[in-house]
Amino acid sequence: MTLRFFALGLLAVAFRAGAAITCSASVTAITVVYDPTSGTQNVTTGSYTVTCTRLSIDPNTFSWQLGVNDGLQAAGGLNRVQSGARRYTYDTWRLSPYNAANKWGDTAATRFTGTLNFGASLTASASGPFDIVMAAGQAAQPAGTYTDTVLASLRDSTGLLINTATFGVSVLTTTTCQISVPPGNLNFTYTSFQGSAATASTSYGVRCTTALPYTMALDATSGTLLALNYTLAIAPSSSGIGTGATQTYTVDGTIAAGQAGTCAIDLCAGSQARTLTLSW
């Protein structure tokens, strides 16, 4: 068997396809920039190329198949990139929509297939795109670079394995936080000079990269509304450490007892806007 390698800046494998037809397959390495707190799936597109050369006495067509496995750390039918013991999942697709019929795998139904037509030429090639898709909402892991290696298998029209090559998948994540569940309104009911404090509360959720420290603050922790003095506080704490999952907090409000207010009719209403800031 004669092997030829082409310097394309890609991972490549060459094989003897027929009497004197020599073919190579190459797949681009993939780098994904992923925000695990985003609500939108991440799609990154790569490409493959199959190139063949022949002698003038060889057939002027060659049919091929190109498949991939699930990488080095696969689980549950999904590929996984890894950094230490931390992982994110992704999958490989031939085209959208991203359903079972369009997955890029290494079965007859999930491989790329094609036929090269040389015509009068001694060289022919075919290229095409593929997608790496990472689902939204994965648990946020520590920021860093997560990697995997995928095995690409080049086959002839009968499915006979000719040779293999590998390409890398790298996922870059950054430290990030979000208010994943926004707070609602604090609604107080208060009667002038009432004997006990009025209280109200609203909850919200924070989602941050695992192990990332963060703090939360209100633009003001006290104020006056309808001549009633109120106070606000974040509970159970105004700081935390990210876990990759949503962590729940509350904003608690109090209007102290014994205040007159300025309501001269049976029922008065007023409102103020407060700002919650998340920092990391």
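Reply: Let's begin with the pocket. Bear in mind that this is a predicted model. Three residues of the lining of the largest pocket come from S16, the largest share.

Me: Which strands each supply at least two residues of that lining?

Reply: Strand S16 (228–235) does, and so does strand S18 (246–255).

Me: How much space lies in the largest pocket, and which residues lie nearest its centre?

Reply: The space is about 970 Å³. Leu186, Asn187, Phe188, Leu225 and Gly270 lie nearest the centre, out of 34 lining residues.

Me: How do the lining residues divide into nonpolar, polar and charged?

Reply: There are 19 nonpolar residues, 13 polar and two charged.

Me: Now a single residue. Where is Gln138 found?

Reply: Look at the loop between strand S9 (123–134) and strand S10 (144–156).

Me: Is Gln138 buried or exposed?

Reply: Compare its relative accessible area with the cut-off. Buried means under 20%. Gln138 has 13%, so it counts as buried.

Me: Which residues does Gln138 touch?

Reply: Leave out residues up to four places away in sequence; Gln138 then touches Tyr34, Pro36, Tyr88, Thr89 and Arg207.

Me: What is the general idea behind a nonpolar core?

Reply: In soluble globular proteins, nonpolar side chains tend to be buried together. Here the largest nonpolar core has 32 residues. Val27, Trp64, Leu66, Phe130, Phe167 and Val169 touch the most other members. Another core, of 19 residues, lies apart from that one, and includes Ala198, Tyr204, Leu212 and Ile255.

Terms used:
Residues numbered from 1 in each chain as written. Predicted model: local features only at pLDDT ≥ 70, side-chain atom pairs only at ≥ 80, totals over all residues. Heavy atoms only, no water. 1 Å grid on protein atoms, 1.4 Å probe; cavity = no way out; pocket = protein on both sides within 12 Å on 5 of 7 lines; lining within 4 Å. Points joined across faces, edges and corners; volume = space filled by probe spheres on them. Helix = DSSP H or I, 4+ residues; strand = E, 2+ residues; numbered from the N terminus. Nonpolar A, V, L, I, M, F, W, Y, C, P; charged D, E, K, R; others polar. Buried < 20%, exposed > 50% of the residue type's maximum accessible area, 1.4 Å probe, protein only. Contact = heavy atoms within 4.5 Å. Core = buried A, V, L, I, M, F, W, Y, C linked by side-chain atoms within 4.5 Å.
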